[in-house]
Amino acid sequence: MAPDPDLHGLPPSYARVSLAVVTSSAHANLLGNIHGGEIAKLADSTAGAVAARHSGGPAVTAVMDEMAFLEPVHVGDIVRTMAQVNWAGRSSMEIGVRVETQPWNDPSTTSLHVASAYFVFVAIDGAGQARRVPGLVPETPDEIRRMREAEIRRANRLSRREAIEAGRHPGP
Ligand SMILES: CC(C)(COP(=O)(O)OP(=O)(O)OC[C@H]1O[C@@H](n2cnc3c(N)ncnc32)[C@H](O)[C@@H]1OP(=O)(O)O)[C@@H](O)C(=O)NCCC(=O)NCCS
């Protein structure tokens, strides 16, 4: 659906958020590396802050997809997330999150890109119903590219959901 024309569009930079934590053994899995769920939680929290900022109120995680883990994360790494709105519709927003690490004790090391994820957040009102969000006004070539690619992912998500529903409830 098209964004609400009554709401002024916002650039991705308006709601961009970065978070960082130093990992500890409490976050480790049985292999001694950081559990993927810890990274996913941090990414979800970062994306949630972006969604709340862009939409000006509460927003919930509706879909989390394409969480790609590219490299292991080690105990003692500083994990930094960077997130922004890639696309905004009527009530939903796609938030892209990039996760990078750096050893806590070696600032000379270049940051390593360890994970990326895309989340769909839906802005809700006090009754838990979807509410309208401002449109997105991309300003840079990268932001325009991200919006274009987010539209492809949205179309894929919706058509996948429709195909599954049609298979479960075939017509007469
Ligand atoms: C998210 C939630 C509010 C959506 O409710 P709903 O009745 O499906 O709302 P709608 O059908 O009006 O859809 C709302 C928006 O979400 C989008 N959406 C819903 N499911 C989607 C999916 N699988 N893929 C992509 N978009 C989706 C719709 O396209 C719509 O977007 P638009 O308004 O920008 O066009 C509802 O499912 C919910 O409350 N879920 C629980 C969320 C939660 O608690 N998350 C925390 C983790 S436990």
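## The largest pocket

Four elements, β2 (59-69), β4 (92-103), β5 (112-123) and α3 (141-168), each contribute at least two residues to the lining of the largest pocket. Helices (H or I, at least four residues) and strands (E, at least two) are DSSP runs, numbered from the N terminus. The model is a predicted one, in which local features need pLDDT of at least 70, side-chain atom pairs count only at pLDDT 80 or more, and totals for chains, interfaces and linings use all residues. Residues are numbered from 1 along each chain as its sequence is written, and side-chain values use heavy atoms, with hydrogens and water left out.

The largest pocket holds about 450 Å³ of space. Its lining comprises 17 residues, and those closest to the centre are Ser92, Val120, Arg154, Leu158 and Arg161. On a 1 Å grid over the protein atoms alone, a pocket is an open set of points where a 1.4 Å probe fits, with protein on both sides within 12 Å along at least five of seven lines; lining residues have an atom within 4 Å of a point. Grid points are joined across faces, edges and corners, and a volume is the space filled by probe spheres set on the points. Helix α3 provides the largest share of this lining, 6 residues. By class, the lining has 9 nonpolar, 2 polar and 6 charged residues. Here Ala, Val, Leu, Ile, Met, Phe, Trp, Tyr, Cys and Pro count as nonpolar, Asp, Glu, Lys and Arg as charged, and the others, Gly among them, as polar.

## The second largest pocket

The second largest pocket has a volume of about 360 Å³. Of its 18 lining residues, Gln84, Gly96, Val97, Arg98 and Arg146 are the closest to the centre. At least two lining residues come from each of β1 (17-22), β3 (77-88), β4, β5 and α3. This lining divides into 6 nonpolar, 6 polar and 6 charged residues.

## Overall architecture

The protein contains 3 helices and 5 strands, which follow the pattern α-β-α-β-β-β-β-α along the sequence. Its C-alpha atoms fill a box of roughly 55 × 45 × 35 Å, taken along the principal axes. Among contacts (heavy atoms within 4.5 Å) between residues at least 6 apart in sequence, 73% join residues at least 24 apart.

## Burial and Met93

Of the 172 residues, 37% are buried, that is, under 20% relative accessible area with a 1.4 Å probe and protein chains only. Met93 lies in strand β4 and is buried, with a relative accessible area of 0%.

Notes: Buried < 20%, exposed > 50% of the residue type's maximum accessible area, 1.4 Å probe, protein only.
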